[in-house]
Amino acid sequence: QRYQFSFTVQHQFVSLYFRPTGNPNMDSFIWVDDVQVESGAMAAFSAPPILTQLLSSARGNFLEFDQKPDFKLALHVPPSSKGSVSLSVQDFFFNVIYAGDYEFQANEAGEAVIALEDLDKKISGSGLRGIFEVSAAILIDGSKEPFRDYYRFSIMNFLKNKHRNSHIFDITYAWSLQAGGPEMERFVEHERNVGFGSYSYSFLSFGNDLDLALDKERADLMTKYGFVSTGRIIATAHAGNGQISERNGEMKITNIKEMINPTPEQLAEVEEICRVKAELRPWNPIWFFSAESNPGMMPLSGHLEAFSKFLIATNKGVKAGNPEAKVLIEGGPWNIAPDSGLKWVEEYIQTTRKLAPDVKFDGAAGHTYGNFPEPLDENVEAFIAMLDRNDCKDWPIYLNEGGGYCIMSIPQLGITPYVWNSGNRWYIGALSYGIGRAERISSAFSARAWLVALKHQSRVESMNDFFTPNRYLDIDFTAR
């Protein structure tokens, strides 16, 4: 079914975002197979004259090393047309590893399939690994200009979460499109094969009290594929002006951000919800009160002693509900620079210790956002030194957000991988299956972050590149 509607553009935009409305508990699929956007008056839908797709023996062309590729190029062209295809394959470093020319004859339905046997031989005999861009120029006999299209495939040794330091490679699950959906297990298996071994936050949104059966089912699925949790938020800054809830809202506290003079009764209520939450959800091993508390939990977080009382109440409640659980001092400031995020965490440590010296926390977290070039290695070293001077030498560090390196460059809009969060990764996906320079440098920056974490593996438990790696190109999870 085709849908048509008009809208007035208020600002420049680079992406369209589709989401379902209605009952969120219904199991359903929505397939959007084509989108046509035009300026001016409403126009009739017009399908492109040529449609192409690179196929292989693996869904999303995600090939395990030594797997027979069985590459094919599927074409939908004008009925009974003839033509030629010029194919070129580049690796990540722009090296052309294959080029070939092919001819085709479409049937009366306009369908043709080209078996790329020469490319199969090249891949099977070369020992190549990595991600590869395929470009094609399709020329229909009688046409003056070729139609150009792009595809990609990847080859790697699949991992099974048995490798050392797998937990350092962390993915985000809150608000992720795949979280808890019908493709969740395929997504989790895919991420494990890539090499991710831990996950941040919960399966729906920050600070939720997700249905217990669903929560356990999803946590068990992560465990099945070897993933470990690196922490879960108690309070959300995104609802109720600071909210904690449990038992589907039967237990709920709102307006926490305004509790700059908390009463003993309010703190006891927080502690009780934390106790119940940890008791009901023993599959979650790590908790923290809030993350990016400055500025997210303002004005409360601006009153250090009041805020620290909530950190202490969280600790007491969680450990009363599950003595085996760990509680982090906080879920991570938005940066770990010495003059801001690092300083805030140090203040939390010192103030909670002053107010309740008998309450022991189990680790710290941080987000590694910052203006490029952020001194990531130096900041991690300074964060470790701060913990050491505060007698927290045994604390693991969970760098559970960071990155923000946009995968495209649009100078007119100020979008570039060289400026932190210059493009909103919640909504902006790749413009093409082609791999441009911006996507390549974005990937290099992500790799750099994990190298820093590996360097400090004796203290750093996880490093997360927020949403960058697990925003795929399509439902087949074609790699980025």
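**Close-up views of a predicted model**

View 1. Val-37 is partly exposed, at a relative accessible area of 47%. That value falls between the 20% below which a residue is buried and the 50% above which a residue is exposed. The model shown here and in the views that follow is predicted. Val-37 sits in the segment before strand 1, which covers 51-55.

**View 2. A nonpolar patch on the surface.** Val-37 also belongs to a surface patch of nonpolar residues.

**View 3. Ala-47, in the segment before strand 1.** Ala-47 is found in the segment that precedes strand 1. Its relative accessibility is 49%, so Ala-47 counts as partly exposed. Thr-368 is 321 residues from Ala-47 in sequence. In space, the two C-alpha atoms are 44 Å apart.

**View 4. Leu-139 and its contacts.** Leu-139 lies in strand 7, residues 130-140. Leu-139 is partly exposed, with a relative accessible area of 30%. Neighbours within four places in sequence are left aside here. Thr-52 is 87 residues from Leu-139 in sequence, with 12 Å between their C-alpha atoms.

View 5. The strands run in the order 11-10-9-19-18-17, and their pairing is parallel. Strand 11 (228-229) and strand 17 (364-367) stand at the edges. Each has a single partner strand, so one side of each has no neighbour in the sheet.

**View 6. Strands 18 and 19, paired.** Strand 18 spans residues 397-401 and strand 19 spans residues 460-464. They pair in the parallel sense, over three bridges. Which residue in strand 19 does Tyr-398 stand opposite? The residue is Ser-462.

View 7. Helix 8, residues 376-389, touches strand 17, strand 18 and strand 19. The direction of helix 8 makes about 140° with that of strand 18. Helix 9, residues 437-455, touches strand 9 (169-172) and strand 19. The direction of helix 9 makes about 175° with that of strand 19.

Note on methods: Residues are numbered from 1 along each chain as its sequence is written. This is a predicted model: local features need pLDDT of at least 70, side-chain atom pairs count only at pLDDT 80 or more; totals for chains, interfaces and linings use all residues. Side-chain values use heavy atoms; hydrogens and water are left out. Two strands pair if DSSP finds at least two bridges between them. Helices (H or I, at least four residues) and strands (E, at least two) are DSSP runs, numbered from the N terminus. Contact means heavy atoms within 4.5 Å. Axes are lines fitted to C-alpha atoms, for helices over the stretch in contact, and angles run from 0 to 180 degrees between N-to-C directions. Patches are made of residues with over 30% relative accessible area and no salt bridge: like charges are joined within 9 Å, nonpolar side chains (Val, Leu, Ile, Met, Phe, Trp, Tyr) within 5 Å. Accessible areas come from the Shrake-Rupley method with a 1.4 Å probe; for residues, only the protein chains shown count as cover. A salt bridge is a side-chain nitrogen of Lys or Arg within 4 Å of a carboxyl oxygen of Asp or Glu. Buried means under 20% relative accessible area, exposed over 50%, partly exposed in between (1.4 Å probe, protein chains only).
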